[in-house]
Amino acid sequence: MLTAVVGLNWGDEGKGRMVDNLAEDADYVVRYHGGGNAGHTIHTDQGKFKLHSLPSSVMRPGATSVLGPGMTVDVEGLLSELGELEAHLSPGRLLVSDQASVCFPFHRDLDGLEEERLAHGRYGSTRKGISPAYGDRVMKKTLLVRELFDKEALPDRLASVVGWANERMEKIYGGAPLVPADVEQWVAGMRDQLEPYVVDTTGLLGKALDGGARVLAEGQLGALRDLYFGIYPFTTSSNCLAGHAPVGMGVPWAKVDRTVGVTKAFSSCVGSGPFVTEFAEERADALRRKWGEYGSTTNRPRRLGAFDAVATRYGVRMQGADEVAMTNLDQLTGTGELQVCTGYERDGTVVTEFSTSPAVLSRMKPVYRTFEGWDEDISRIRRYDELPPAARAYVEGIQDLLGAPVSYVSVGSHRDALIAVTTRTHEGN
């Protein structure tokens, strides 16, 4: 069985905690796109762990974690991350696809240089090299992981890669060129450390699925950041949708049996681009400090806003979500009345369909429905029917607006602070 866990919004929805939870019963968990720009936080009895390249299942000893061929692998970052978590990881439980592409250190340099060149028109990149690395894969100007180990063909392939990088370094950005010998030395230093993890994931996962294995596909970011169906150009450089999961995992013929879409109980966003329900900065800053809403990878302050049912309903549709997991409900405790955006207004006309055009979104004003808030501490509650009536009304109101059942609600960062919503909540939807 293949289950996808994906974001319904801009990213930062809390997918890591959902993957960690569902991985308890999984045989394999596969990151199918993105790279070291991910920021998934796992909170266990051992502490809090911020993951970037690693799948969010690495703290579950029964699951094998896989970096799929749809990823661009920051080899240096991955090995550093493994070193930091070595005491907590189970040996032999991490695999890297031989068909994933390599994100070189110079990709990070190019990423930062381009953001600087864009100046006020920046896209809000994490500067982790994702855009140049994916661009180079499309241009056939980077290496696949397996090529690092082909010592006969490697010199010519690497020369081509470095030459293309230098064309941009020197002619576009006016920077110093890469020294081929330095890049060769970097490859030699990384290759032996990476080799024990490298496998053919297509063969491995194909056999596993044929044998009835339980496989989780872990998405990065969310539907609104998808390269094709997000708010372009304020997107990432890969495909964030569940429909892409089998391709990015290396089993393109496989069928996704279940899709869990993840959203926060409010809206948050890291990076540039239109954000219809965004709070005024004074309010956002106060909540950000109270809630600790900073990017897990970049530590950049997250932009905050009211829950946007228009954008999230679009995310449910594009992800084909069978069910919704709502995270961070506890953070709304004591914040007073809660507004939920049910439509967008422009020139006196209200629309309920989401547009991915930045120009259109920037002219929209939110239309709100107000829900009663609650003051009770809900962080220790583990049964849905024990939540305050106002909290349940908020969840169920959003559920009705999304047209998909809310199956999980998180009330804290710890992996145990997760409520499975009873089926009677979904009656009538």
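Aspartate 257 and lysine 255 form a salt bridge, with their closest N and O atoms 3.8 Å apart. That term means a side-chain nitrogen of Lys or Arg within 4 Å of a carboxyl oxygen of Asp or Glu. Side chains of opposite charge can pair when their charged atoms come close.

How open are these two residues? Lysine 255 is exposed, at a relative accessible area of 58%, while aspartate 257 is partly exposed at 39%. Here, buried means under 20% relative accessible area, exposed means over 50%, and partly exposed lies in between (1.4 Å probe, protein chains only).

A quick note on the model: it is predicted, so local features need pLDDT of at least 70 and side-chain atom pairs count only at pLDDT 80 or more, while totals for chains, interfaces and linings use all residues. Residues are numbered from 1 along each chain as its sequence is written, and side-chain values use heavy atoms, with hydrogens and water left out.

Searching the whole structure turns up 22 salt bridges, including these:

| Pair | Closest N to O |
|---|---|
| Aspartate 257 and lysine 255 | 3.8 Å |
| Arginine 415 and aspartate 20 | 2.7 Å |

Where does the pair of arginine 415 and aspartate 20 sit? Arginine 415 is in the loop between β19 (406-410) and β20 (418-420), and aspartate 20 is in helix α1 (residues 15-22), so the pair links parts of the chain 395 residues apart. Helices (H or I, at least four residues) and strands (E, at least two) are DSSP runs, numbered from the N terminus. Both arginine 415 and aspartate 20 are buried.
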